[in-house]
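Hi,

Here is the structure I said I would pass on.

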Amino acid sequence: SNLYGGKEEIVIPNACPSCGTLLKKDGPILKCENRFCPEKIVQKIVFLARKNVLDIAGLSEETARKIVDSLNPIQLNIFQERYIFELKVEDIIKLPGFAEKSGRKLYENIQNARKNVPLPRFIKALCIDGIGEDVGKILRDRYHNLYTMEDYLAPYKRNTERNKSVLELEGIGEKTAEILTSGTFWTAIKNLYDYIVPVEEPNLT
């Protein structure tokens, strides 16, 4: 290939290399919209392991890939990235390159990551595009805990002020408000809540 502007064309894929789903253009980005895509789940596990999310030492991209490769389609579909919390010590030890000691250590790191998770980190750990720690902090400062937040925002609660309430918050635009009051967002919360109960922080304001 010619480094200096040769005629070699870059081939843009139209299907996801991991799961074969047709890719969708989102601005300049090509996205795989299959939420059961193995590679997307690998990347979400890697995201959860990051220091500024759940901080799981020893859970590298390579290990995340081994975990996803070891799952059957049902496990992959039901749990997705949350399967890491379902892993038993013996499941980890069976992964290539793991032994008793390293398996137990990773298991402990994953279990410890479920403790003392503040609400903004919990919101970030939902792995929802556009909803990060900043949005989590705004929600914490306004609602203080998940229960109050649920009363105001959850679509299954009879709150006629729902969207108005969240749109009044500084830093929350219409697109974000739509996500925060959607069934998808609240299903993600309920699913993660099975493994992580966010700690209520003292009111810092």
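**Around tyrosine 143**

Let's start in helix H8, which covers residues 133-143 and includes tyrosine 143. Keep in mind that this is a predicted model. Buried or exposed, where does tyrosine 143 fall? Its relative accessibility is 1%, so tyrosine 143 counts as buried. Leaving aside residues up to four places away in sequence, tyrosine 143 touches Thr148, Met149, Tyr152, Leu153, Ser165, Val166 and Leu169. If you want a reference distance, tyrosine 143 and isoleucine 179 are 17 Å apart in space, C-alpha to C-alpha, and 36 residues apart in sequence.

**Rings**

The model has four aromatic pairs. One of them is phenylalanine 79 with tyrosine 83: the ring centres are 5.4 Å apart and the planes sit at 65°, over the 60 degrees cut-off, so this pair is edge-to-face. Tyrosine 83 has a relative accessible area of 10%, so it is buried.

Tyrosine 143 comes back here, because it forms an aromatic pair with tyrosine 152. That pair is tilted, with 5.2 Å centre to centre and 40° between the planes.

**Helix packing**

I looked at two helix pairs as well. Two packed helices are described by the angle between their axes and by the distance between those axes.

Take H9 (residues 146-153) and H12 (residues 183-193) to begin with: they pack at about 155°, with their axes 12 Å apart. H9 and H12 are therefore roughly antiparallel, and their crossing is left-handed. On the H9 side the contact involves Leu146, Tyr147, Met149, Glu150 and Leu153, which meet Phe185, Trp186, Ile189, Lys190 and Tyr193 in H12.

Then there are H1 (residues 38-49) and H2 (residues 61-69), packed at an angle of about 135° with 9 Å between their axes. That makes H1 and H2 oblique to each other, and the crossing of H1 and H2 is right-handed. From H1, the contact uses Pro38, Glu39, Ile41, Val42, Gln43, Ile45 and Val46, while H2 supplies Glu61, Ala64, Arg65 and Val68.

Cheers

Technical notes
Residues are numbered from 1 along each chain as its sequence is written. This is a predicted model: local features need pLDDT of at least 70, side-chain atom pairs count only at pLDDT 80 or more; totals for chains, interfaces and linings use all residues. Side-chain values use heavy atoms; hydrogens and water are left out. Rings of Phe, Tyr and Trp (its six-membered ring) pair if their centres lie within 6.5 Å; planes under 30 degrees apart count as stacked, over 60 as edge-to-face and the rest as tilted. Buried means under 20% relative accessible area, exposed over 50%, partly exposed in between (1.4 Å probe, protein chains only). Axes are lines fitted to C-alpha atoms, for helices over the stretch in contact, and angles run from 0 to 180 degrees between N-to-C directions. Helices (H or I, at least four residues) and strands (E, at least two) are DSSP runs, numbered from the N terminus. Angles under 35 degrees count as roughly parallel, over 145 as roughly antiparallel, 65 to 115 as roughly perpendicular and the rest as oblique. A crossing is left-handed if the near helix is turned anticlockwise from the far one by less than a right angle, and right-handed if clockwise. Contact means heavy atoms within 4.5 Å.
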